[in-house]
Amino acid sequence: MEVSPNAEPPVCKITDLGKLKYQSQKKAAEARKKQKTVEIKEIKMRPNIDTHDYEVKLKAARRFFEAGDKVKVTLRFRGREMAHMELGMKLLNRVREEVEEIAKVEAEPKLEGRQMMMVLAPR
């Protein structure tokens, strides 16, 4: 096995191929074990959510950010609520302002059918 090809003279050493493969396998397994997969957690709300319910949802979002996960805030409109999209936008902006110090907006609020969504990622 060649250790340093650019040296003068080139440096080589004799190694056991099985042992080398085993060590590289172990190193790869260790790297896989340490990596953190980022999940997207979803929080569903309605535009006319009560203050306590809102605070509970926000507390859950903060917990998700501390765990290193992204949070997708979904606002579902039903019936005549579709006529008042500005209430939903206000609510999403309020969420954004309250978690601004621990999270950043990854996807701006957008309307898809009867749902308005926004994705937040931890800082």
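A crossing is left-handed if the near helix is turned anticlockwise from the far one by less than a right angle, and right-handed if clockwise. This is a predicted model, where local features need pLDDT of at least 70, side-chain atom pairs count only at pLDDT 80 or more, and totals for chains use all residues. Residues are numbered from 1 along each chain, and side-chain values use heavy atoms, without hydrogens and water.

**Exercise 1.** Describe how helix 2 passes helix 3.

Solution. 
- Helices are DSSP runs of H or I, at least four residues, and strands are runs of E, at least two, numbered from the N terminus.
- The crossing of helix 2 with helix 3 is right-handed.

**Exercise 2.** Which residues make the contact of helix 2 with helix 3?

Solution. 
- Contact means heavy atoms within 4.5 Å.
- Helix 2 supplies Tyr54, Leu58 and Arg62; helix 3 supplies Leu91, Arg94, Val95 and Glu98.

**Exercise 3.** Outline the protein chain as a whole.

Solution. 
- The protein chain has 3 helices and 6 strands.
- Their order along the sequence is β-β-α-β-α-β-α-β-β.
- The C-alpha atoms fill a box of roughly 80 × 25 × 25 Å along the principal axes.
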